[in-house]
Structures are given as C-alpha cells and as structure tokens.
Amino acid sequence: MRAMVGIDESDESFYALQWFLDNLFPDLSAALSAGLLTLVHVQQPFQPYGFPAARPGVAAFYPSTVVADSVRKSQEQTSAALLSRALQMCKDKLIKAESLILEGDPKDMLCEISEQMNVDLLIVGSRGLGKIKRAFLGSVSDYCAHHAKCPTLIVKPPKEASNNK
C-alpha cells in the first residue's frame, strides 16, 4: 500500500499528518511497510513578471535575475523546512517516509502525482473554509476528493481550531 500526505504551510496539513500517524498508521503499518509513505509539498510557480497597478496599458516589468534567484532559493528553503518537520514527525513514530517537492497548482499536482505513483490513499488537511471563501479561493481538499483517482481522506481540524477562523 502507498499513502501520500499533502503538506503545506498550514497547521491543518500537519494536523492531518499527525492524525494519520496516530489513528490510521497503527492499523496500516503492515500494509505500509511493504509500500511507502510519501510527503508532498507543492510550491506555487514563481511568476517572474509584474504589472504596474497604477497605469493601465503599461508593459510588464521583469525583476532582475538576482531577485528571481533569491525568490526561488527562498521557496526551496521553505519547502525543505516544511518537509523536514513532517519527516521528523514520521521519524518520531519510527515510520519511514520519503518527501517530494513539486511546482504548480497544488490541487492539480496532488491529483497528478498520486495517479503517477499509483497511490492507494491520498491524505489532505481541511482549512475549514466557509462556502464563500471556498467558492472564491477554491479548496484543494475538495478538488482532490472529486478528481483524484484514488480514495482521498480529508482530515478536518479539531473544532476548537476551526472556531477561531
């Protein structure tokens, strides 16, 4: 069995990983020992251009190579730190896991990579967005539930955490 957990900057994604490790992994440990747990972070692609807000019709401007490289390096460091934290959570439970950093739209990439890797279970956290926010911002977990080719487990945050939003 192969399981995949989507990790981002949110506490909800780490809660989903912890919930999986605490609640499902003990029952799936034999199945996963033959398979693998993969932690995936998808970073948004860097858009190396911008448009001045005050002047319509003005051409786009492009940051220098130094700025673009700095942004990419910062993204890589952030991704590495997030996955390091997630890998440590697995290590604390004596679970072997691999990590993967992708670039693109998180909802599309999670569905694509789960299909490519023949994942048996995709685990994602839920930020508990209301209907209006979900309509405007989109929901990665909702998208994955409808488009992933494998079963998707959406882990909701505890009630006290979701009431604070």
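Predicted model: local features only at pLDDT ≥ 70, side-chain atom pairs only at ≥ 80, totals over all residues.
Me: Why is serine 13 called buried?

Reply: Buried means under 20% relative accessible area. Serine 13 has 3% relative accessibility, and therefore it counts as buried. The residue lies in helix α1, which spans residues 11–34. Leaving aside neighbours within four places in sequence, serine 13 is in contact with Gly6, Ile7 and Asp8.

Me: Is serine 79 buried or exposed, and what makes it so?

Reply: The relative accessible area of serine 79 is 0%. The limit for a buried residue is under 20%, so serine 79 is buried. It is found in helix α2, residues 65–92. Residues up to four places away in sequence are not counted when one says that serine 79 touches His41, Gln43 and Ile101.

Me: What makes arginine 85 a charge that sits over the ring of phenylalanine 14?

Reply: The definition requires CZ of Arg to be within 6 Å of the ring centre and within 35 degrees of the ring normal. The charged end of arginine 85 is 3.7 Å from the centre of the phenylalanine 14 ring and sits over that ring. For lysine 107, the distance to the centre of the tyrosine 143 ring is 5.7 Å, and its charged end also sits over the ring.

Me: How many residues has the largest nonpolar core, and which have the most contacts inside it?

Reply: The largest nonpolar core has 19 residues, and those with the most contacts inside it are Ile7, Leu17, Leu21, Leu37, Leu39 and Ile123. The elements β1 (2–6), α1, β2 (36–43), α2 and β4 (121–125) each give two or more residues to this core. Another core, of 15 residues, lies apart from it and includes Val40, Met109, Ile113 and Val124.

Me: Why are β3 and β5 called edge strands?

Reply: Five strands form an open sheet in the order β3-β2-β1-β4-β5, with parallel pairing. The strands β3 (97–103) and β5 (152–155) each pair on one side only, and they are the edge strands. Neighbouring strands of this sheet are turned by 25° against each other on average, direction ignored. Helix α5, residues 140–147, packs on the sheet and touches β4 and β5. The direction of α5 makes about 160° with that of β5.

Methods: Residues numbered from 1 in each chain as written. Heavy atoms only, no water. Helix = DSSP H or I, 4+ residues; strand = E, 2+ residues; numbered from the N terminus. Buried < 20%, exposed > 50% of the residue type's maximum accessible area, 1.4 Å probe, protein only. Contact = heavy atoms within 4.5 Å. Core = buried A, V, L, I, M, F, W, Y, C linked by side-chain atoms within 4.5 Å. Pairing = 2+ DSSP bridges. Axes fitted to C-alpha atoms, helices over the stretch in contact; angles between N-to-C directions.
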